[in-house]
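Dear colleague,

I am handing over the structure below, and I would be grateful if you could look through it before reading my notes.

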Amino acid sequence: MAARRVLVVEDDSAIRRGIVDALRFEGYEVLEAGVREEGQRIAERTPVDLVLLDLVLPDGDGLDLLKAVRKSRPTLPVIILTARGQEEDRVMGLKLGADDYVVKPFSVRELLARAGAVLRRSAERPTGAAHVEFPGGHFVVERRELTFDDGSRMDLSEREAEALRYLGENAGRAISREELLERVWHLPARSVQTRTVDMTMARLREKLRDDSTEPRVILTVRGKGYMFSAPGSAR
């Protein structure tokens, strides 16, 4: 099997070299860029399986690169790398479709675990429901696409698609944040903050046009987690 190809976009040469060396030691093929323009060119023109993206780049905002990648390659997995104090940027990155984030300073072990988990999800073909119905439209699992009754469409990120599929297949049952972390993120619940789940649910509600103040599709069940509110809607 060909090695998975990872693009590392990081302006700090020492950090970038450490990431590149660790990925290559694990058997990945690695491409690297130190500026936004080069990173965007590689991401859009070269087949890569995952992007590790620093949000602070010398020639532009990493969030702008993320927006551009999402337009040209909507399902390409992206993990953002952020400084500890950049919570607003992390939230914005997740809203724009990043699949995960890692906070600097991070351990190589954690980064490799996150990268491996995202790549495993990307490689897996959906084996459950092909469609998930919701008020006003339906979700085509294989294409990771929401189709609304008015004819408009919306792409989901890899993480959002997996979360919606899992919720739809378990419609009518309250699912804890810990279960979602283990079944959707494929990581031990204790290793990731449950806020990650909450932010993903918020993005899904927004894309599903689900009123966050009075949601009809993804309900919050106090003390239990989240529930997809349309039993029997996955098929």
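A residue is called buried here when its relative accessible area is under 20%, exposed when it is over 50%, and partly exposed in between, with a 1.4 Å probe and protein chains only. Helices (H or I, at least four residues) and strands (E, at least two) are DSSP runs, numbered from the N terminus. Please keep in mind that this is a predicted model, in which local features need pLDDT of at least 70 and side-chain atom pairs count only at pLDDT 80 or more, while totals for chains, interfaces and linings use all residues. Residues are numbered from 1 along each chain as its sequence is written, and side-chain values use heavy atoms, with hydrogens and water left out.

The overall picture

The protein chain has eight helices and 13 strands, and of its 235 residues 49% are buried. If contact is taken to mean heavy atoms within 4.5 Å, then 57% of the contacts between residues at least 6 apart in sequence join residues at least 24 apart.

The parallel sheet

Five strands make an open sheet with parallel pairing, in the order β2-β1-β3-β6-β7, where two strands are said to pair if DSSP finds at least two bridges between them. The edges are β2 (29-33) and β7 (100-104), each of which pairs on one side only, and the twist from one strand to the next averages 20°.

Strand β1 (residues 5-9) is joined to β2 by five bridges in the parallel sense, with R5 standing opposite E29 in β2. On β3, β1 pairs over four bridges, again parallel, and here V9 faces L53. Strand β3 is in turn joined to β6 by four bridges, with V51 opposite V78 in β6.

How much of β3 (residues 50-54) is buried? Five of its five residues are, so the strand is largely enclosed by the rest of the structure. Both of its faces are covered, with L50, L52 and D54 buried on one side and V51 and L53 buried on the other.

The helices

Angles are taken between N-to-C directions and run from 0 to 180 degrees, with axes fitted to C-alpha atoms, for helices over the stretch in contact. On that basis, helix α4 (residues 87-95) lies across β6 (78-83) and β7 and runs at about 170° to β6.

The axes of helix α2 (residues 36-45) and helix α3 (residues 62-72) come within 10 Å and cross at roughly 15°. The residues that make this contact are R36, G39, Q40, A43 and E44 of α2, together with D64, L65, A68, V69 and S72 of α3.

Backbone details worth checking

Most residues other than glycine have a negative phi, and most peptide bonds are trans. With that in mind, please look at the peptide bond between K104 and P105, which is cis with omega about -5°; P105 belongs to the loop between β7 and α5 (108-123).

R144, in the loop between β9 (137-140) and β10 (145-148), has a positive phi near 55°, and this residue is buried at a relative accessible area of 16%. R209, which sits in the loop between α8 (195-207) and β12 (218-221), also has a positive phi, about 60°, but R209 counts as exposed, at 51% relative accessibility.

With best wishes
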